[in-house]
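Hi everyone, thanks for making time today. Let me put the structure up, and then we can walk through it together.

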Amino acid sequence: MNLATWLEWVGKLLFVAFFVMSGINHLVNLRAMTGYAQSKKVPAPGVAVVATGVMMLVASAFILSGWNAPWGYRLLAIFLLPTAIMMH
């Protein structure tokens, strides 16, 4: 394994680490996350929290595996753009 390949893997791991942790947090702390989403007037907050948690985990798996990585990046963009507007 050459340095470029190693650095690419390290970069991917660092990039998706946040989304993996957040996706798991969405699913493990469903009640708290749903309450927060509800306070921000998110439509169907329970469904939205589960859907976004799954989106983050699936996108991370796509990016790490390299299988459909562009779709992983698209999923993250689909998640991040509305979230930035509605939640922050």
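Some ground rules before we go on. This is a predicted model, where local features need pLDDT of at least 70 and side-chain atom pairs count only at pLDDT 80 or more, while totals for chains, interfaces and linings use all residues. Residues are numbered from 1 along each chain as its sequence is written, and side-chain values use heavy atoms, with hydrogens and water left out.

Now the overall picture. The protein chain has 4 helices and 0 strands, where helices (H or I, at least four residues) and strands (E, at least two) are DSSP runs numbered from the N terminus. From the N terminus on, the order is α-α-α-α. Taken along the principal axes, the C-alpha atoms fill a box of roughly 50 × 20 × 20 Å. Of the 88 residues, 28% are buried; buried means under 20% relative accessible area, exposed means over 50%, and partly exposed is in between (1.4 Å probe, protein chains only). Among contacts with a separation of 6 or more, 53% join residues 24 or more positions apart, contact meaning heavy atoms within 4.5 Å.

Let's go inside. Which residues form the largest nonpolar core? There are 8 of them: V16, F19, M55, M56, A59, I63, L76 and F79. Two or more residues each come from α1, α3 (45-65) and α4 (69-87), and α3 gives the largest share, with 4 residues. A nonpolar core, by the way, is a set of buried Ala, Val, Leu, Ile, Met, Phe, Trp, Tyr and Cys residues joined through side-chain atoms within 4.5 Å. Have a look at L76: leaving aside neighbours within four places in sequence, L76 touches F15, F19, M56, A59 and I63.

Next, F62, which sits in helix α3. Is F62 buried or exposed? Its relative accessibility is 19%, so F62 counts as buried. Beyond its neighbours within four places in sequence, F62 is in contact with W67, N68, A69, W71 and G72.

Now for the aromatics. Searching the whole structure gives 4 aromatic pairs; rings of Phe, Tyr and Trp (its six-membered ring) pair if their centres lie within 6.5 Å, with planes under 30 degrees apart called stacked, over 60 edge-to-face and the rest tilted. Take F15 and F19: their ring centres are 5.5 Å apart and their planes meet at 55°, so this pair is tilted. Both lie in helix α1, 4 residues apart, about one turn of the helix. F18 and F19 have ring centres 5.3 Å apart and planes at 80°, so that pair is edge-to-face. F19 is buried at 7% relative accessibility, F15 is partly exposed at 38%, and F18 is exposed at 51%. Ring pairs link F15, F18, F19 and Y73 into a cluster.

M1, L3, W6, L7, W9 and L13 make a nonpolar surface patch of about 710 Å². L13 belongs to helix α1 (residues 3-28) and is partly exposed, with a relative accessible area of 45%. Patches are made of residues with over 30% relative accessible area and no salt bridge, joining like charges within 9 Å and nonpolar side chains (Val, Leu, Ile, Met, Phe, Trp, Tyr) within 5 Å; a salt bridge is a side-chain nitrogen of Lys or Arg within 4 Å of a carboxyl oxygen of Asp or Glu.

Terms used:
Areas by Shrake-Rupley, 256 points an atom, 1.4 Å probe, with all protein chains shown as cover.
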